[in-house]
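Dear colleague,

Please find the structure handed over below. A short account of the findings follows it.

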Amino acid sequence: MRIFSFNEPLNFMRFKMPALMLSIVLLLSSFGLLFTKGINWGLDFTGGTVIEVGYTQNADLTQVRAILAERGYADAVVQYFGSSQDVAIRIAPREGVEQSRISNEIMAALSETSATPIEMRRIEFVGPSVGDELKEQGGLAMLTALIGILLYVGMRFEWRLSLGAVLALGHDVIITLGLFSLLQLEFDLTVLAAILALIGYSINDTIVVFDRIRESFRKLRDSTPEETVNDAVTSTLNRTVVTSLTTIIVLVVLFYMGGALIHNFATALLFGIAIGTYSSIFVASGIAVQLGLNRDDMLPPPPPEKEGEGTEPLM
Amino acid sequence: MLNQNPLWRYLVVIGVLLLALVYAMPNLYPEDPALNINATRGGVVLESTRQQLEQGFISEGVTPKSVTLENGQLLARFQSAEDQLRARQIAINLLGTVNYVTALNLVPTTPDWLAGIGATPMKLGLDLRGGVHFLMAVDMKAAIDKNINDMVGAFRADLREAKVRYRSVSADVDRGMVQLQLRSAEDVQAARSALGKLDRELVFTDGPAEFSLQVTLSENRLREIREYALEQNITIIRNRVNEIGVAEPLVQRQGADRIIVQLPGVQDPAQAKEILGATATLEFRLVDEQGDLGAALNGRLPPGSGLYYDRSGQPFLLENRVMLTGEHITNASSSYDEYSQPQVNISLDAQGGNLLSNATREAIGRRMATVFIEYKPGEQLQADGTPVLIKQEEVINAATIQARLGRSFRITGIGNPAEAQNLALLLRAGALIAPTQIIEERTIGPSLGQENIDLGMTAIMWGMVVVLIFMVIYYRVFGLIANLALVANLVLIIGFMSMIPGATLTLPGMAGIVLTVGMAVDANVLIFERIREEIAEGRSIQQAIHQGYDRAFATIADSNITTLLVALILFGIGTGPVKGFAITLAIGILTSIFTSVVGTRLLVNLFWGGRRVQSLPM
């Protein structure tokens, strides 16, 4: 079975400009969102306390809020978490009290006032200094990953391709962040991990296409760069789609079955991989072509240690 | 002939798979709910105690699976978590909580032959086991301040001894120095050489005023103080953790001034926090019986004395000289005296014994006050947003010295048994020179941990099933081969996770496995697509297989190195659960290359290699 079977390369590069325009619009709106609405930073980065409490029956949020307000936690954010028997209470970092004790107080207050026994499911407390550090470390990790990839790709590919790959990568990350800003989804450490995994996946996808572009340049001697890129993208299209499909399938499974704690992780990857697939087809190669990629740049320096490349047909 | 492999390659791949399979096997055996019973203070559990307990369990209707002694530690396994909880109560009733610590645990049921070759189940992170994770910060400023303050007294004594006259010696903790005001240039010189001779780690600079001297500590000494404060806290926290009764606690240094504490299976984080968070020390001071308490209350303190209060607000006039500090305490326990009143028995180290002995020689019949000092976070905040710790001093007892005190003595007159017990616990754990504070907490309740495991397992299973079905539909027989690789990949991941000592499975780690399942087929997709293309271009089947694998490999290596790079970065900066994700992702990438490139190639060659094949079933 095959999804696509083409006799001739599809003309992907015809959509190069519209795709780049679309990407620019998406990028600009993502930036707009990030600057206006910002990111809904999770507890890991803001500091504060989250307490998840399990009730044996449906919990009454108004009542929980009232109890908390009585104890001086009027600013607490009280929400259902996963089901209507689970309540997540989030309290912003506050000054002047021993913060690690807030959860003790709240658990005590809630179990005193509840007719049925309640269960402590989860407590997370992050001190403000730790939050700032995690933010710093997270930013650093993202930067290190991008620079590391830039170096690697720069070593392996011609500069136009490298630049295209890294720009496409930044594109995927920024638009995914834009989505998180738009939907105001909570951005915590697991989402950061997802974004980093996305960086890995998205560059992976791009490299597969680029490897083929390089190969096609050598094979198709009389073609224009656009035709060559079209040929490469078309011949890897099946692989791109199949791999994205299997990855998206497992992410959908994770999204629906992984539980509330994994929800945003799965969301980031699902969306990011869709965007990443699009960008490795249109954006990465589009930019490279736009930058003036041509056959002369690809030859002579033969890419180092490419296995199998030197093998002559045996027949 | 093309596409044939030597036998040894098959053997290597089969060997690696078998190895992983064997090491993955312990994960199939469910864990037993169990009790760990340890004797406190370095004691061992005796065989007689073991028998007593076993009978105790049986007579209460809880039949243990086994009750064994190992390294002086008792391990009782049970059929169910219910039995385990009941047995815990029975054990506490029988043995008490003073001499024994009873901890709930889950122990693997790995068969002997597997355990014999070092195969153990995967370590589960706290988000899957349930438990508490604390990150504690040591207040280094307090440690250094204490040193500066101690220097003042020492300098005065040293200068007197060296017959150097001084106007004043005072601490300036904000600037981390001691200020000396002397009377002449010669005295400055003399003080410098006298103090410098005694301690080479002091740094002297001339003060702004005439004949003044500023003394700071060398970088070396400051580092030592910080190291010591951290080490001491780690030791104390280890002791306290043992008091809480946790089966496999982790207390680990992180960076220059932090300590990670992980307590798997702790049911009551609030209590754990109380025990870990409290910092207490004792100072013993003589009561100033001559001084005028009334005048002191009006603000006219007699020289050499200070005003202290007890809990009820009763004032005490105590000498400033400290007879003994809590750091010399080696042990403390609560018991009842001959009048059935609660008391705390205290043992000291040799130096402490000498100090107290000397201090009490001339003081028999006088009263000695025990000052309990606690650090509590106050209203003010430091620059980094953490509250400033406030020193609270409270006289908890003032008892007449009946005899010259030595290395062991007792404090009586403590309000109630609970207070005596609490005090003994804190004292036993030692005395801190630098207080700590919890700056991060992650607690997962036991039921949520199990839920997370179930969710993760379901996600892995369904993800796997859907991908397997898809691959068979899409690539038919070759899909089956890719599926074999995928299953082998899962076995390899679990096997390696179980083998690597530091690898911990977490919820994001399970998500990482799911993701790997989806991404691992990529290598096979690349190869199969390539083979199809080669065939379409008119190559022979054998050529197509050969070229397909060879050409795809360069791309596979290229594209996976970047993901591996990302996984390494994640591992480097991530904490806890995220690290777990990085580990499974990295292992998954490596194993998937192995299974889908090396493994499937062998299979493909085995079935179709070196033969006349008209077409491939894909």
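A polar contact is a pair of N or O atoms within 3.5 Å; within protein, one must be able to donate a hydrogen and the other to accept it, and residues adjacent in sequence count only if both atoms are side-chain atoms. By this rule, 19 residue pairs (both at pLDDT 80 or more) are in polar contact across the interface of chain A and chain B.

This is a predicted model, in which local features need pLDDT of at least 70 and side-chain atom pairs count only at pLDDT 80 or more, while totals for chains, interfaces and linings use all residues. Residues are numbered from 1 along each chain as its sequence is written, chains are lettered from A and ligands numbered from 1 in the order in which they are written, and side-chain values use heavy atoms, with hydrogens and water left out.

The contact (heavy atoms within 4.5 Å) takes 81 residues from chain A and 78 residues from chain B. There are also 9 salt bridges across the interface, each a side-chain nitrogen of Lys or Arg within 4 Å of a carboxyl oxygen of Asp or Glu. One of the salt bridges joins the side chains of A:Arg156 and B:Asp558, at 2.9 Å from N to O.

Strands (DSSP runs of E, at least two residues, numbered from the N terminus) pair if DSSP finds at least two bridges between them. Strand β5 (119-126) of chain A runs antiparallel to strand β21 (residues 436-444) of chain B, joined by 5 bridges. There, A:Val126 stands opposite B:Glu440.

Yours sincerely

Note on methods. Helices (H or I, at least four residues) and strands (E, at least two) are DSSP runs, numbered from the N terminus.
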